[in-house]
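Welcome to this tour! Keep your viewer open, and at each stop make the selection before reading on.

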Amino acid sequence: MNKQVELEILKIHKQIEDNLEKIKKISEFESFFSFEDETMWPIIKDEFIQMCSKYFREAIIRYKLSQMLFEKLNIKSLLILYPNAAEERVIIHVAHKFNIPGIVLQHGVPPHAKYYEKFLSLWYPSEQRHLIHAIWDKTEKKHLKTLGIKDENLVLTGSHRLDLLLPIKNEC
């Protein structure tokens, strides 16, 4: 971190804080944060705005430092175990801007229930669709294809832990 980067972060954060202050006056938040026709917005708005400001500042810092990382180091590719944590998402996003490829290793089973469908764009944001996904089985492959991930970006690897428990017929 240097003075120039700190000033850039302060400038962006100031713009965000100004916009957050405007949110206090938006009437839709009163109905959004209500229960049984009683609004909680007047009670929580200051703390909510303060919390957003804090997390947005952290995100700006993360983003700027990730940019500096990719500008200074000659990174050829990424190997990603958990692409949904805040730090990883920022790094994946910045790496995409630098045209750096990556591989996401499946390490768990994402939710496939009907309830979770509305959250899938958060689980697999557009920045991850260009990555190679090393996945365990054809079920996951089928699921990821429905989310717009191309067939050439899906590699069946199996699971070194689960393959021993399940009968596999040379599928991976």
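**Stop 1**

Select D18 and K14, whose side chains meet in a salt bridge with N and O 2.8 Å apart. Keep in mind as you look that this is a predicted model. Side chains of opposite charge can pair when their charged atoms come close. How far apart are D18 and K14 along helix 1? They are separated by about one helical turn, because they are four residues apart in that helix. D18 is partly exposed, with a relative accessible area of 35%, and K14 is partly exposed too, at 47%.

**Stop 2**

Now select E8 and K64. Their side chains form a salt bridge, 2.6 Å from N to O. E8 belongs to helix 1 (residues 3–23) and K64 to helix 3, so this pair ties together parts that are 56 residues apart in sequence. Is K64 buried or exposed? K64 is buried, with a relative accessible area of 14%, while E8 is partly exposed at 29%.

Next, pick E87 and R62. This salt bridge has its closest N and O atoms 3.7 Å apart. Since E87 lies in helix 4 and R62 in helix 3, the pair ties together parts that are 25 residues apart in sequence. E87 is partly exposed, with a relative accessible area of 41%.

To finish with charges, select E21, K24 and D46, which are linked in a network of salt bridges. The count of salt bridges comes to eight.

**Stop 3: a serine in helix 3**

Go to S53, which sits in helix 3 (residues 41–72). At 8% relative accessibility, S53 counts as buried. Which residues is S53 in contact with, leaving aside neighbours within four places in sequence? They are H13, E17 and L20. With E17, the S53 side chain makes a polar contact, side chain to side chain, at 3.1 Å.

**Stop 4: neighbouring strands**

Select strand 4 (residues 102–105) and show its side chains. I80 has V104 as its bridge partner in strand 4. Trace the chain from strand 3 through helix 4 (residues 86–97) to strand 4, and you follow a right-handed β-α-β crossover.

Now bring in strand 5 (residues 132–135), parallel to strand 4 and also joined to it by three bridges. L105 stands opposite A134 of strand 5. A134 counts as buried, at 10% relative accessibility. Beyond residues up to four places away in sequence, A134 touches I103, V104, L105, Q106, V155 and T157. Select S159 as well: A134 and S159 are 25 residues apart in sequence, with their C-alpha atoms 9.8 Å apart in space.

**Stop 5: helix 6**

Last, select helix 6 (residues 138–146). Its buried residues include E140, H143 and L144. Why do these three share a side of helix 6? They cover an arc of only 95° around the axis, which puts them on the same side. Turn to the face pointing away from the buried side to find the exposed residues K138, K142 and T146.

Then check the ends. D137 caps the N-terminal end of helix 6, with a side-chain oxygen 3.3 Å from the backbone nitrogen of T139. Just after helix 6, G148 takes a positive phi of about 100°.

Conventions:
Residues are numbered from 1 along each chain as its sequence is written. This is a predicted model: local features need pLDDT of at least 70, side-chain atom pairs count only at pLDDT 80 or more; totals for chains, interfaces and linings use all residues. Side-chain values use heavy atoms; hydrogens and water are left out. Two strands pair if DSSP finds at least two bridges between them. Helices (H or I, at least four residues) and strands (E, at least two) are DSSP runs, numbered from the N terminus. A crossover is right-handed if, with the strands pointing away from the viewer, the path from the first strand over the helix to the second runs clockwise. Buried means under 20% relative accessible area, exposed over 50%, partly exposed in between (1.4 Å probe, protein chains only). The arc is that of the directions from the helix axis to the C-beta atoms. A polar contact is a pair of N or O atoms within 3.5 Å; within protein, one must be able to donate a hydrogen and the other to accept it, and residues adjacent in sequence count only if both atoms are side-chain atoms. Contact means heavy atoms within 4.5 Å. A salt bridge is a side-chain nitrogen of Lys or Arg within 4 Å of a carboxyl oxygen of Asp or Glu.
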